[in-house]
Amino acid sequence: MGYRCIQCGFPIKTLYLQYSPGNIRLMKCENCKAVADEYIECEITIIIIDLILHKPKAYRHLLYNVINQETLKFQGLLWKLAAIFLLFDAYRYLILESSKSKSSSSMSYSSLVSMCCKMMMDVFFGNFIFLLTFFFMVKIFLHISLSVSRCNGILLGLLISCYFKIFLIAMMVWEFPSSVMFIIELFCLSSNAVALKVMTESSMSQCVWTCFSAYAIKFVFIQAHELMLLWKFMQAGSLFNVYDVYAASMRML
């Protein structure tokens, strides 16, 4: 990914010319004749506000002109962001489970094992299904040819655009209703759609449907697996009950 004009997305060679330390001249885009990247001279607060407002030019600045495969250790950054994403997802699951089990003061061994299994399924397999669906929709629905470098670039944009998950940290300090999780996921979905639009130059409606399909398939997969786990634990519990009755009857004999 080379540098891009944040206004029209046209590739450019350089963003500015530096004459001396602190003395630079911003380059103009050859396509739209506007300043290629005005965010270079802006404070980071303005960039964060524009990212929250879902302005495509802010996403182009971040994904193309700040995070560049040619100037950064791309693979290391990708692995770090993936680890942070999975940690936030695991913390989100633990918050949801703790809100469900507030009434019970103690947790049995079987419920603890069940929660760990469901968390692993939610965090790892759920996100695996999400990525499979996402890239399948990108290839089929958006008609984008996917190479290894292109997949890495889109995956990096997807992880970065989930920055709304950082608001989960606030739930360590303040108590929020579980509906806040839905709001955070909704913001992540919309942010993913903007990042996908910027990186593929597709229409916004197509990108929204692509991201929504991936989120929906992940949700259905997790719910189906939780029902299967619940059914297995109920079967195991009924078997233990049968064994207890049999043992009691044998003791009476």
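1. Which residues does glutamine 7 touch, not counting residues up to four places away in sequence? Glutamine 7 touches Cys32, Ala34, Val35, Glu38, Lys57 and Arg60, where contact means heavy atoms within 4.5 Å. Glutamine 7 lies in the segment before strand E1 (16-20); helices (H or I, at least four residues) and strands (E, at least two) are DSSP runs, numbered from the N terminus. With a relative accessibility of 36%, glutamine 7 counts as partly exposed, on a scale where buried means under 20% relative accessible area, exposed over 50%, and partly exposed in between (1.4 Å probe, protein chains only). The C-alpha atoms of glutamine 7 and histidine 61 are 9.6 Å apart in space, although the two residues are 54 residues apart in sequence.

2. On conventions, this is a predicted model, in which local features need pLDDT of at least 70 and side-chain atom pairs count only at pLDDT 80 or more, while totals for chains, interfaces and linings use all residues. Residues are numbered from 1 along each chain as its sequence is written, and side-chain values use heavy atoms, with hydrogens and water left out.

3. On cysteines, the structure holds zero disulfides, a disulfide being a pair of cysteine sulfur atoms within 2.5 Å. The sulfur of cysteine 5 has its closest cysteine sulfur in cysteine 32, at 3.7 Å, which is too far for a bond. For cysteine 188, the closest cysteine sulfur belongs to cysteine 162, and at 4.7 Å that too is too far for a bond. Cysteine 5 is buried, with a relative accessible area of 0%, and cysteine 188 is likewise buried, at 0%.

4. Helix H2 (residues 56-66) has eight of its eleven residues buried, so this helix is largely enclosed by the rest of the structure. The buried residues of H2 are Ala58, Tyr59, Arg60, His61, Leu62, Leu63, Tyr64 and Asn65. Their cover includes helix H1 (44-52), helix H5 (148-160) and helix H6 (179-200).

5. The count of salt bridges comes to seven, each being a side-chain nitrogen of Lys or Arg within 4 Å of a carboxyl oxygen of Asp or Glu. One of them joins the side chains of aspartate 50 and lysine 55, at 3.5 Å from N to O. Aspartate 50 counts as buried at 8% relative accessibility, whereas lysine 55 is partly exposed, with a relative accessible area of 34%.

6. Aspartate 89 forms a salt bridge with arginine 92, with the closest N and O atoms 3.2 Å apart. These two residues both lie in helix H3 (residues 74-100), three residues apart, or about one turn of the helix, and both are buried. Arginine 92 also meets glutamate 185 in a salt bridge of 3.7 Å, N to O. That pair links distant parts of the chain, with arginine 92 in helix H3 and glutamate 185 in helix H6, 93 residues apart; both arginine 92 and glutamate 185 are buried. Asp89, Arg92, Lys165, Glu185 and Lys218 are linked in a network of salt bridges.

7. Leaving aside neighbours within four places in sequence, asparagine 192 is in contact with Leu158, Ser161, Cys162, Cys211 and Tyr215.

8. Threonine 200 is also found in helix H6 and is buried, with a relative accessible area of 9%. The side chain of threonine 200 reaches the backbone oxygen of leucine 196 at 2.6 Å, and a polar contact of 3.1 Å joins the side chains of threonine 200 and serine 202. Not counting residues up to four places away in sequence, threonine 200 touches Leu142, Ile144, Arg150, Ile154 and Cys207.

Note on methods: A polar contact is a pair of N or O atoms within 3.5 Å; within protein, one must be able to donate a hydrogen and the other to accept it, and residues adjacent in sequence count only if both atoms are side-chain atoms.
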